[in-house]
Amino acid sequence: MLRRELRERGIESHVRVVSAGIAPYARDGALVSLDTRLALRDDNIHLGEEATSTDLKRHPELLEQADVVIAMTEQQKADLVKLYPDAAEKPLHTLREFADERGDIEDPFEKGDAKFTEVREEIKRLIPTVADRILGADWSLDE
């Protein structure tokens, strides 16, 4: 959704957006869940059946290369710092924090179609503010 927002603003080529899992069950190359693909398809984002996930444990260079790191939950932020202590030196926020709000984006895994739709709509609502902030390069940790 962020890539689409940046593309619509004509600046996709200036910002690299990468998603990577950190959960113990995250597997590099695993197919993106059908629930995720369907929820995104309903918002006209087509990942395709061959879309796979990226496991940060197998690609720590992604974290090293990042200018800002955005997690979905406070727990993910804590896990990132625990697994990668250098992550604490990066601007590290939850998606809601980055959009100047409080709270987590709940993982919809195994919670049904309605939950996937709810989470998609919540992320979709936050994305324009997130894109504005990325473009403004206001990523400080002093908030």
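Predicted model: local features only at pLDDT ≥ 70, side-chain atom pairs only at ≥ 80, totals over all residues.
Tutor: Buried means under 20% relative accessible area, exposed over 50%, and partly exposed in between (1.4 Å probe, protein chains only). Residues are numbered from 1 along each chain as its sequence is written, and side-chain values use heavy atoms, without hydrogens or water.

Student: Is Tyr25 buried or exposed?

Tutor: Tyr25 lies in the loop between H1 and helix H2 (34-41). Its relative accessible area is 57%, so Tyr25 is exposed.

Student: How are the rings of Tyr25 and Phe109 arranged?

Tutor: The count comes to 1 aromatic pair (rings of Phe, Tyr and Trp, its six-membered ring, with centres within 6.5 Å; planes under 30 degrees apart are stacked, over 60 edge-to-face, the rest tilted). The centres of Tyr25 and Phe109 are 6.5 Å apart and the planes meet at 20°, so this pair is stacked.

Student: How many residues apart are Tyr25 and Phe109?

Tutor: Phe109 is partly exposed, at 47%. It sits in the loop between helix H5 (95-98) and helix H6 (113-136). The pair thus links distant parts of the chain, and the separation is 84 residues.

Student: Which residues is Glu5 in contact with, leaving aside neighbours within four places in sequence?

Tutor: Contact means heavy atoms within 4.5 Å. With those neighbours set aside, Glu5 touches Ile127, Pro128 and Ala131.

Student: What pattern does the chain follow along the sequence?

Tutor: Helices (H or I, at least four residues) and strands (E, at least two) are DSSP runs, numbered from the N terminus. The chain has 6 helices and 2 strands. Read in order, they give α-α-α-β-α-β-α-α.

Student: Where in the chain is confidence highest?

Tutor: The chain averages a pLDDT of 91, and 95% of the residues score at least 70. The lowest mean is 92, in H2. The highest is 97, in H5.

Definitions and conventions:
pLDDT = per-residue confidence, 0-100.
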